[in-house]
Amino acid sequence: MQGKVDEKMMSLDKVFHAQTVLKNIIRETNVVRAYGISPDCELFLKPENLQITGSFKVRGSAYKIAMLSDAEKEKGVIACSAGNHAQGVALAATKNGIRSLICLPDTAPISKVEATKGFGADVCLVEGCYDDAYQRALELKEREGYTFVHPFDDENVIAGQGTIALEILSELDDIDAIVVPVGGGGLISGIAYTAKQIRPSVKIYGVQVAGAPSMYNAVRNGKIESLKSVSTIADGIAVKTPGDNTYALVNEYVDEIALVTDDEVASAILALIEKQKMIAEGAGATAVAAVMADKFDLKGKRVVAIVSGGNIDVTSLSRVIDRGLRNAGRSSSLLIELIDKPGQLKDISRIIADCGGNVTGVHYEKGNTESVNGCFLRIDMETRDYEHVNLITRSLASEGFKIV
């Protein structure tokens, strides 16, 4: 039944057993104190982006595969993934000497596809999103007899992810909250269940992106419904339908779920790079984005944000950084209408320089202006923030320049 936890499914013993099994497979990622990201709370980061395969996903998939019977291992495993689960399954299967086939959506970043192959898996690209890859994997499972390794809705996978909570609580004994990215719900289910068994006072907050709010909607509406489409830079949590098991665990153990925008995620990625020298993918930065955007009551609290993965394509990272700079007012453009005559650019450059701005690009455009001799000048600038942009705009206007 939707929304009810099967008490036989999860146990704290299972999570501790997973920790033992995973000891020689995964890397224990020590929490890092974060400065300059959220001044209102004492923020720590759990850097699963530094995990083997670059994501927490290897924990759940490796434990699941370790628990397979010899007969199941003989036939091999199949999985579907936007990328990170794929790499976890590939690595775990290769370490166990068994074959793995991974179905990925054809929208998955090239870096994730190549990394999956690099860990020893065969790859099947499927047109569409994660859910389309999921259906294809189920078809192949039935036809070929593979064991399906679900990315989130499986008790052993959830237990493997729960080992993150064991590590956090063994390092920090007085935390108030853990903030967790949410896609299908495997990560937050494992963390929430484990943390609440050991320390019930710890608040567990989930974060989804506004372009893929499947678990958020399920909790709010009291039932699981599939999204018609998903659209977000956080491809790792772009899931149309949460799992039955994860939905039940989230309902039982998660205190609150909030949504962040792609712009907030881009700003969080930029902050992690600048303040922590840490690379996070879109999904990996959502918890930090929620803390930065004050989505939860964390003032004065001791908080851990899970940085769940760092597998971001370099070209995507470049676009995200540009977006983050624009969101913060640190990269901006002005369109100025001018009379086309000598000396104009010199005066504009002087005003911007006097205000402390840096011109990075100049684009001259003939266009539909009121004057026959009119033109447009687009100026690209590096600035400190929006207040700085406004200062430059006011200074140009005060000297007679028309800002469009």
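The exercises below, each with a worked solution, concern a predicted model.

**Exercise 1. Positive phi angles**

Task: Find where T53 and K277 lie in the chain, and decide for each whether the residue is buried or exposed.

Solution: As background, most residues other than glycine have a negative phi. Begin with T53, which has a positive phi of about 75 degrees although it is not a glycine. T53 belongs to the loop between strand 2 (42-47) and helix 2 (57-66). The relative accessible area of T53 is 8%, and buried means under 20%, so T53 is buried.

Turn next to K277, another residue that is not glycine, whose phi is positive and near 55 degrees. The loop that holds K277 runs between helix 11 (262-276) and helix 12 (286-292). Its relative accessible area is 68%, and the cut-off for exposed is over 50%, so K277 is exposed.

**Exercise 2. Aromatic pairs**

Task: State how many aromatic pairs a search of the whole structure finds, then describe the pair of Y193 and Y253 and the pair of Y205 and F296.

Solution: The search of the whole structure finds three aromatic pairs. One of them is formed by Y193 and Y253, with 5.4 Å centre to centre and 90 degrees between the planes; since planes over 60 degrees apart count as edge-to-face, the pair of Y193 and Y253 is edge-to-face. Y193 lies in helix 8 (residues 186-198) and Y253 in helix 10 (residues 244-253), so that this pair links distant parts of the chain, 60 residues apart. Both Y193 and Y253 are buried.

The pair of Y205 and F296 has 4.4 Å centre to centre and 15 degrees between the planes, and is stacked. Y205 is in strand 8 (residues 203-209), whereas F296 is in the loop between helix 12 and strand 10 (302-307), so the pair ties together parts that are 91 residues apart in sequence. With a relative accessibility of 7%, Y205 counts as buried, and F296, at 7%, counts as buried.

**Exercise 3. A charge over rings**

Task: Determine at what distance from the ring centre R33 lies over the face of Y35, and repeat the step for F44.

Solution: For Y35, the distance of R33 from the ring centre is 4.6 Å. For F44, whose face R33 also lies over, the distance from the ring centre is 5.6 Å.

**Exercise 4. Separation in sequence and space**

Task: Locate E387, and give its separation from I175 in sequence and in space.

Solution: E387 is placed in helix 15 (residues 386-398) and, at 64% relative accessibility, counts as exposed. From E387 to I175 the separation is 212 residues in sequence, and 36 Å in space, C-alpha to C-alpha.

Key: Residues numbered from 1 in each chain as written. Predicted model: local features only at pLDDT ≥ 70, side-chain atom pairs only at ≥ 80, totals over all residues. Heavy atoms only, no water. Helix = DSSP H or I, 4+ residues; strand = E, 2+ residues; numbered from the N terminus. Buried < 20%, exposed > 50% of the residue type's maximum accessible area, 1.4 Å probe, protein only. Phe/Tyr/Trp six-rings, centres within 6.5 Å; stacked < 30°, edge-to-face > 60°. Lys NZ or Arg CZ within 6 Å of the ring centre and 35° of its normal.
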